[in-house]
Amino acid sequence: LGQQHQARHPVEIGRVVLDLLIEGPEIRRFQGPRSRDLLQTLTSEDLSNQAFPYRAAREVDLGFALDPLSAVMALVVTGVGFLIHIYSLGYMAHDAGFRRFFAYLNLFIFAMMTLVLGENLLVLFVGWEGVGLCSYLLIGFWYEDPAKADAGKKAFVVNRVGDLGFVLAMLGYAAAFGTLGFGGEDRLAVVRQLPDTEAALRTTI
């Protein structure tokens, strides 16, 4: 069993290291004066003919955006995730659920990356739900212990409360601005609808 676990080590760590190697050069691209012009978005227009052939009546793009903030957050997620993987290799080395634990952990990293790279609130919500699921699975990993199983259930319930607030916020955002996006053209559309704070202050004074 130990030899099988050791054989899996390069695969589990390699996934996170690959993310770090990809994101490092991307971070450097946002250090220049034109960083605001380097927003990269993969929208449903690129995917509609392949993975998403059907669209709702009111179109919502499914995309990922890489800007300075999301690039830094992606680096934090993969960097911290890499350290957690290294620590877990020793901590879980002799646990019978080794493979299951790392499956949950890698799914957690994937969900976090979806959350921080989401181009709109809908994609961000998908990542949020994934993080909530993985939190439940990891907290209640040793489900044979009633205390740990109960802790997982509590985390699940608390996440559902957060879901309610998230959904209400999305509905309010969509009602106010007519979009769920917050990057690229959607960002400009939202900013145009915001009140002119400086002008309002001058009028009040």
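Student: Why does Glu129 count as partly exposed?

Tutor: Good place to start! Buried means under 20% relative accessible area, exposed means over 50%, and partly exposed lies in between (1.4 Å probe, protein chains only). Glu129 has 27% relative accessibility, so Glu129 counts as partly exposed. One reminder: this is a predicted model, where local features need pLDDT of at least 70, side-chain atom pairs count only at pLDDT 80 or more, and totals for chains, interfaces and linings use all residues. Residues are numbered from 1 along each chain as its sequence is written, and side-chain values use heavy atoms, with hydrogens and water left out.

Student: What makes the contact of Arg160 and Glu129 a salt bridge?

Tutor: A salt bridge is a side-chain nitrogen of Lys or Arg within 4 Å of a carboxyl oxygen of Asp or Glu. For Arg160 and Glu129 the N to O distance is 3.6 Å, a salt bridge. This pair links distant parts of the chain, with Arg160 in helix H6 and Glu129 in helix H5, 31 residues apart. Helices here are DSSP runs (H or I, at least four residues), numbered from the N terminus.

Student: Are Asp163 and Arg160 buried or partly exposed?

Tutor: One of each! Asp163 has a relative accessible area of 10%, so Asp163 is buried. Arg160, at 29%, is partly exposed.

Student: How many salt bridges does the structure hold?

Tutor: The structure holds three. Among them is the pair of Asp145 and Lys148, whose closest N and O atoms are 3.0 Å apart. Asp145 is partly exposed at 29% relative accessibility, and Lys148 is partly exposed at 32%.

Student: Why are H5 and H6 called roughly antiparallel?

Tutor: Axes are lines fitted to C-alpha atoms, for helices over the stretch in contact, and angles run from 0 to 180 degrees between N-to-C directions. Angles under 35 degrees count as roughly parallel, over 145 as roughly antiparallel, 65 to 115 as roughly perpendicular and the rest as oblique. The axes of H5 (residues 121-139) and H6 (residues 146-177) come within 8 Å and cross at roughly 170°. Therefore H5 and H6 are roughly antiparallel to each other.

Technical notes. Helix = DSSP H or I, 4+ residues; strand = E, 2+ residues; numbered from the N terminus.
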